[in-house]
Amino acid sequence: QVQLEESGGGLVQPGESLRLSCSCTASGNTFSTYTMRWYRQAPGKERELVASVFSPIGTLDYADSVKGRFTISRENGRNTVYLQMNSLKPEDTAVYYCAASTSAWALPTYWGQGTQVTVSS
């Protein structure tokens, strides 16, 4: 059973940065084949796709709301995907989830438990 675990959430002020991490228990070779995504869900709102890193090409994709502020990356040697979040805004407040798809355009097969990000002054 593949497990994903997010970390790095917290409370920050507007304009500050956070880096989220998501570690995966799949074997190294298997992890590198997964397309990895970050989603978020704010209270009372639907879950939103934030960023994707596609396997095997490594193409990146972002929601318009985070383009230029967030960066997704992966380190296959550590079975980890990251989300660097800069210039955070109050509207970025949400629970952030990482997810793994076994093929590029498939819905995620595996989900993490989520990490809370709160942006408030």
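User: In this predicted model, which residue takes a positive phi in the hairpin of E7 and E8?

Analyst: Good place to start! Asn-79 does, with a phi near 50 degrees, and the hairpin has four residues between its strands. The two strands, E7 (residues 70–75) and E8 (residues 80–85), run antiparallel and are joined by six bridges.

User: What should I keep in mind about side chains when I look along a strand?

Analyst: In a regular strand, side chains alternate between the two faces of the sheet. With that picture in mind, turn to strand E4, residues 35–41.

User: Is E4 mostly covered or mostly open?

Analyst: Mostly covered: six of the seven residues in E4 are buried. E4 runs antiparallel to E9 (residues 94–101), with seven bridges joining them, and Arg-40 has Tyr-96 as its bridge partner in E9. E4 also runs antiparallel to E5 (residues 48–53), here with five bridges; Arg-37 is partnered with Ser-52 of E5.

User: How many residues lie between the strands in the hairpin of E4 and E5?

Analyst: Six, and in this hairpin Gly-44 takes a positive phi near 75 degrees.

User: How do I read a pocket, and what is the volume of the largest one?

Analyst: Rolling a probe the size of a water molecule over the atoms shows where empty space is left. Here the largest pocket has a volume of about 170 Å³. Its lining has 13 residues, and those closest to the centre are Arg-40, Ala-42, Lys-45, Glu-48 and Glu-91.

User: How do the lining residues divide by type?

Analyst: Eight are charged, three are polar and two are nonpolar.

How values were computed. Residues are numbered from 1 along each chain as its sequence is written. This is a predicted model: local features need pLDDT of at least 70, side-chain atom pairs count only at pLDDT 80 or more; totals for chains, interfaces and linings use all residues. Side-chain values use heavy atoms; hydrogens and water are left out. Two strands pair if DSSP finds at least two bridges between them. On a 1 Å grid over the protein atoms alone, a cavity is a set of points where a 1.4 Å probe fits but cannot get out, and a pocket is an open set with protein on both sides within 12 Å along at least five of seven lines; lining residues have an atom within 4 Å of a point. Grid points are joined across faces, edges and corners, and a volume is the space filled by probe spheres set on the points. Ala, Val, Leu, Ile, Met, Phe, Trp, Tyr, Cys and Pro count as nonpolar, Asp, Glu, Lys and Arg as charged, and the others, Gly among them, as polar. Buried means under 20% relative accessible area, exposed over 50%, partly exposed in between (1.4 Å probe, protein chains only).
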